[in-house]
Amino acid sequence: MGDWNVKTFLRNNAVTLMFVLLCVVFTAYSGMSPAYVAFELISRIARNGFIVLALIIPIVAGMGINFAISIGAMAAQIGLLWVLEWRITGITGLVVAAGITVPLATLFGFLAGKLLNKMKGQEMIGSMILGFFANGVYQLLFLFIFGNVIPLNTPGLVIKGSTGVANTMNLSGPAQLLYALDGLLRVRFELPGSSPAASGGTAGQNTFILPLLPTFYVLAGLAAAAALSMYLKKRVSLTKFVVIMSAAVLAVVAVQFPAVQSVFSMLSLPVATFAVIAALCLLNVVLLRTRLGQQLRAVGQNRTVANASGINVDRTRIIAIIISTVLAGFGQLIFLQNIGNVLTYGAHEQVGLYAGAAILVGGASIARATNSQALLGCVLFHLLFIVAPPAANTLFGDPGIGEYFRVFVSYGVIALALVLHVWKGAKAKKVIRAAKGAQGI
Amino acid sequence: MRKVPMIKKIFLFLIAGVSLLLLIAGVAGVLLRGGEKARESLSALRLEATLRITGKGAMQAYVDAAKKEASDRARAEKKTMSELREAVSKAEQDALASMSFDDVDISMIDAAPVTRAIDSLIQARMAYVNEEAAAQQAYLAQLTPDPMESSPQEPLPDELGEGMIEDIQAQPADLTKKLEGFQPTAEMLRLQAEVDDRYAGLTQALSLVYPNLSGDVFAMFKPAITSLVYMYGDTYESAYDRMLTSGGGPGLSGLDALIARVIRNGDDLIYLAVSLVIVCMVVLYNKPLIKKLGPPRLIIGSFFVLLCLISLLFDMNLQALLSNTLVRVGMNGVLVLAMVPAIKCGISLNLGLPIGVIAGLLGGLLCIEYRLTGWVGFAFSIAVGSAIAALFGYLYGLLLNRLKGSEMAVTTYVGYSFVSLMCIAWLVLPFQSLELRWPMGGGLRNSLSTSTSFLRLLDNFLAFNVLGMKVPTGLLLFMGLCCYLVWLFFRSKTGSAMQAAGSNPRFAQAAGINVDRMRIIGTVLSTVLGAVGIIVYNQSFGFIQLYNAPRAMGFIAASAVLIGGASTSKAAISNVLIGSFLFFGVLTLGMPVANTLLPQSMISETIRILISNGIILYALTKSGGGTRG
Amino acid sequence: MKKWMSLLLTLVMVLALASSALAEGYKIAILTGTVSQGEEEFRAAENAKLADPDGIVTDTYPDAFVAEQETTISKMQAFASDPDVKAIVMCQAVPGAVAGFTKVREMGRDDILLIAAVPQEVPSLVSAASDVVLYADEAAQGDSIMETCANWGVEVFIHYSFPRHMAMEAIILRHERLKANAEALGIEFVDVTALDPLAEGGMPAAQQFVLEDVPAQMEKYAGKKVAFFSTNCGTQEALQPAVLAQPNAYYPQPCCPSPYHKFFGTLSIPQVELGNDVAALTAIADALVKHDAVGRFSTWPSPVNMALVDIGVAYAHAYLDGQTNGRNDTEALKKIMDEVLPGVKVGNFTDADGVSYDNFYTVLLPAVDFNDYVTK
């Protein structure tokens, strides 16, 4: 912090700044209301935050994880199918599904890890083919075993005359799995001068409505107090203290404007989901500080060196795959309970497609793949997703182009992010290994 | 060879022995097909089939006729389909209710008169069928000078779908159309009367067996039975199969049945014997083979041979399947080849291949835009595509030089984003030809037929048939030419410098090689091959596919070359050839074989995915350490 | 640093608020596929937007809609975030439609009229989530396709599909109906499993399989008239030329019945005037003549997906102008359908268990005889 100057700041945060810039431009052109953007962003983070954070451990271990995410998702979907069949509803159902996911994902992860360890140097083609093979097994299960060999009795799971499980499994309705986690506790904000009912939105039994301004005052006050006490105990520098204090003041001032207030008008925070995401953050921190965490890190940085220093590389890699598979399964459950239905034959594909990109955009590298990078990446990436298509429609004046533009931007920024990271030089190799990890090589 | 272990020896002898036995039985079977024994067994089968058709089958035939009548009546009355279904099922029930039939135990009856009647019917039928074939031949021969025969349109170069019409010529089904004006000759009518007469004789013999069958019923059976006993070009195998499928019963028992089977499946026994010999060879020479090919190739290769064997055993058209495999190898070969310069120059697998593919597509589009056709169009597409690809490749190479050591992670995303960028471009590029534009609005179509430009130009060039297998000579020659050129290039000074730069950049730099330049040349070469490859692919497939289609091309080519034994840092032309053949061979044969083994069931695709990919996975785990990768 | 960024972001949102303008009256939103997925519905939306630039908003769902369900949902929510949007028409209602509609309702937008055209999810769910469902009757196609085949005197019917598709209710219903009709008509019905375009060879391998399998089947059933049908859009562009090249092969209908479904590409037909279906049919018929295939191809006379978008928009107008009796007014809808699609047969969807849905409308058009359109 001492030798902080504009140039190094720009260089070190080129990717993130570029993203912020893109987001600014696109938001301005998108014509979307800030309230909607905020609302959409929060729901997307709630949906995807877990999976993005689940990538930290495998990235630190230098592992390919895309296929692991897919097989973890398959395990989660098997869990959901049986919860639906047994008609276990609500949060109990979700917990049971998670309970089924753990052994299945562990088994799948273990087998996949064993297999990949046997094809060193061929991991790329190996994981590609493994993905197809796993899909074949999944199809065999859902099309020819469940519903045929093992009969299913819940109506709606099997279509009359078809070969297996229907292509959509409904989690809402009698199954009550929709928002099983999100709906446990929600918080909405009451804007000054308007009643919460008028602003519409999800209103469940577990929704708490907080008045916006007092909430802000309390939060800003808490932040300021915490910063002050930390500063007095000399745990933070003066610069940081000033930044936090001014941010708190700025927030309190900004929230006085109706325009800023309206940003919160649609928000409905799924507190339980964010609590689970926070728990994962904690797990990441704790796990990486243990002996196993050190081993994972060592293997990720250099397998040969790790091996020489007496670490069982194969075993460590398998553990990393198992962890990422199980976590991906949980992530898929969180995602699906929010969406409300399972596309039986497609939901697991490309689960990690943008998760890996998001974490890279946040600036993660092997040396330092942190929770805050993952979350920042998640925010920026999804914000871009929300505002890029309408912005493109406005810019090009052709509604047909927006969707292509969104895909172009989403892949393009990943490529650009990687390129910029490499150009930064020193961190290059580590980032790239992280990128390979995220990509599944 | 010298140190063959005891167990292996015993195993080899056993297999060789079995193989020899099978070979002898098979050859004997094939030779016996014209013999007395074959005739006897066929005669017995024929008798049973006839008796079953008229006996047990009478009921079925009666019901079928009633259903047909109901269906025809409903259609004539313009009923809706649900009414028709009802009418047919009602007719079926009525027919079943109104008819009762007591089955006769076939083994208990005196069959001699029936056999005699059948034999005499065969004679008449054979004479008739042969006469019919000869008459039709003559009819076609006098038809040939007719200008309508070969191509009903004046073959203008830009005539729509000319290539499609060319394909029609090869099809035997075309005969049905041409024979529409054919009238039976007097001789045919006479022979037909003879057949009718003999059939009446058979009817008499049969009515002794089934006294309660009326003349009407026998009249109903006439077409079924006359075509059962003999068909044009009948061989032992076809007659045997027909009897089994129409009779339903085994017909023969004990040793006779076994002999009949051996005669019928003699060819299959020979195939089995040959494949066992191959197994012996593989076991015996497995060390040198593994050294040459690596275990993955050997395993996948054996799987391919197994697929061929199964297709032979199930009387599938292996020649056509192999011919299809050759076409697929040829059409994808250049794309797979594009991976080689990329790997050799040190940028690893070029997953940004869609960039080259898109350059090629632009070449193809311009060819259609300027209405170029035939070889000119093809050469133009390749020239323009290559030029664009060279430019793209140069820029792409510059980018990759800034990303040393991290190409693969980035190239996928660069490729994807370029494909999406081009999706926008396809919508806004100012192409004028109305054939290129969407039927209803602006932008280019997602698939454009090459039938007006260069459809199957290479596939059909110098194509010839050998052993019933169509060889796409031009396609294979073109692929061979590309491989040869790339091989030549790597023998040149630049080529060897590039290899050095790729395998050990630091050393190469020290030796005065400009590594960056070499990497750019390699990238340009790979991109250009991608462009050429997609044009070859399009001319064979028949469509230029835009929008999201180029996305998958990089991965398919990468899979093939990796299965061929390349690694991310080492590749050779042989990897391309072996990899293309194995990957596309298994893909081509897999589905038809799975469909034959598991007919009328959707599980065949799932099983195919599991087995094909499972074998490849297993093969990859045997690669051992990855040096030979 | 991160805090600066978050502040910056907040600022951006504040700025963007100023740009949101207020329009008068109501808007109708249309969500379709991109042009590369299906031209018809996209053009229909484009047209509607051209005719009424202020009253219509359009957007497209992703090409990879199965993998990116989330994007489809968020596009729907983006419509609903505009208080002026009072109706959403989605065509095709790909997977994600039900979730999207549900989330629109959760946003408190009970006032929005939700119309799903060509749904692909489980019918009971679609029916419950939408106000009106419009659907080109796939089950009844099982009748119309077989009728066409019977008129041609087809002896063998080949049905290409793969396991993933055979888990979709509409495809199964059609398959069962085809099979039952074939049995009643004495046509041999053959199920052939094709390659799944999502397996290792991708779409190229799936297309190549069809291209190779058609001649193989013709050889197997030499001398017989064989009709081919595939449930997958991507493989149609391989199936059409393959059938065209075989004099005894027949093509009763593409998977999505329309004059525009791949025919223009296969036959290299130049662009025609937008909306002139007769011109399109005439162009196809004339091109088929050259291949001696006029009597071997058929399809529906109108692009049904395009018509469904038009119907959806017209019905939304009627509803929002207060001319309908509630959200699901059968009479008003039928009137609009008769205007847009003359000769249409309208019904209510009934699933395999015999349950009928009163807001789930099926439309059926007669098959085309291209002989009626030949000019040369």
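Start by selecting the contact between chains C and B: 66 residues of chain C and 65 residues of chain B take part, where contact means heavy atoms within 4.5 Å. Before going further, note that this is a predicted model, in which local features need pLDDT of at least 70, side-chain atom pairs count only at pLDDT 80 or more, and totals for chains, interfaces and linings use all residues. Residues are numbered from 1 along each chain as its sequence is written, chains are lettered from A and ligands numbered from 1 in the order in which they are written, and side-chain values use heavy atoms, with hydrogens and water left out.

**Stop 1: chain C against chain B**

Stay on this interface. About 5,900 Å² is buried between chain C and chain B, and carbon and sulfur atoms give 57% of that. Buried area here is the accessible area (1.4 Å probe) that two parts lose on being put together, summed over both. Now highlight Glu200(C), Gln271(C) and Lys290(C): they supply 12% of the area that chain C buries against chain B, more than any other three residues.

How many salt bridges does the rule find across the interface of chain C and chain B? There are 3, a salt bridge being a side-chain nitrogen of Lys or Arg within 4 Å of a carboxyl oxygen of Asp or Glu. For one of these bridges, pick Arg328(B) and Glu212(C), whose closest N and O atoms are 3.0 Å apart.

Next, click Arg177(C), which sits in helix 7 (residues 169–185) of chain C. Helices (H or I, at least four residues) and strands (E, at least two) are DSSP runs, numbered from the N terminus. Arg177(C) is partly exposed because its relative accessible area is 25%; buried means under 20%, exposed over 50%, and partly exposed in between (1.4 Å probe, protein chains only). Leaving aside neighbours within four places in sequence, Arg177(C) is in contact with Arg85(B) as well as Ala139(C), Ala140(C), Gly142(C) and Asp143(C).

**Stop 2: chain C against chain A**

The buried area is about 5,700 Å², with 66% from carbon and sulfur atoms. The rule finds 3 salt bridges across this interface as well. Zoom in on Arg406(A) and Glu68(C), whose side chains meet in a salt bridge at 2.9 Å, N to O.

**Stop 3: inside chain A**

Of its 441 residues, 59% are buried.

Select helix 11 (residues 271–289) of chain A. Which residues of helix 11 are buried? Among them are Ile277(A), Leu280(A), Cys281(A) and Asn284(A). The buried residues of helix 11 pack against elements of chain A including helix 3 (34–54), strand 4 (268–270) and helix 14 (313–339).

**Stop 4: a nonpolar patch**

Finish with Leu21(A), Val25(A), Tyr29(A), Leu395(A) and Phe396(A), which make a nonpolar surface patch of about 470 Å². Patches are made of residues with over 30% relative accessible area and no salt bridge, with like charges joined within 9 Å and nonpolar side chains (Val, Leu, Ile, Met, Phe, Trp, Tyr) within 5 Å. Helix 2 of chain A brings the largest share, 3 residues. Phe396(A) is in helix 16 of chain A, and counts as partly exposed because its relative accessibility is 41%.

Technical notes
Accessible areas come from the Shrake-Rupley method with a 1.4 Å probe; for residues, only the protein chains shown count as cover. The expected span of a helix is 1.5 Å times one less than its number of residues.
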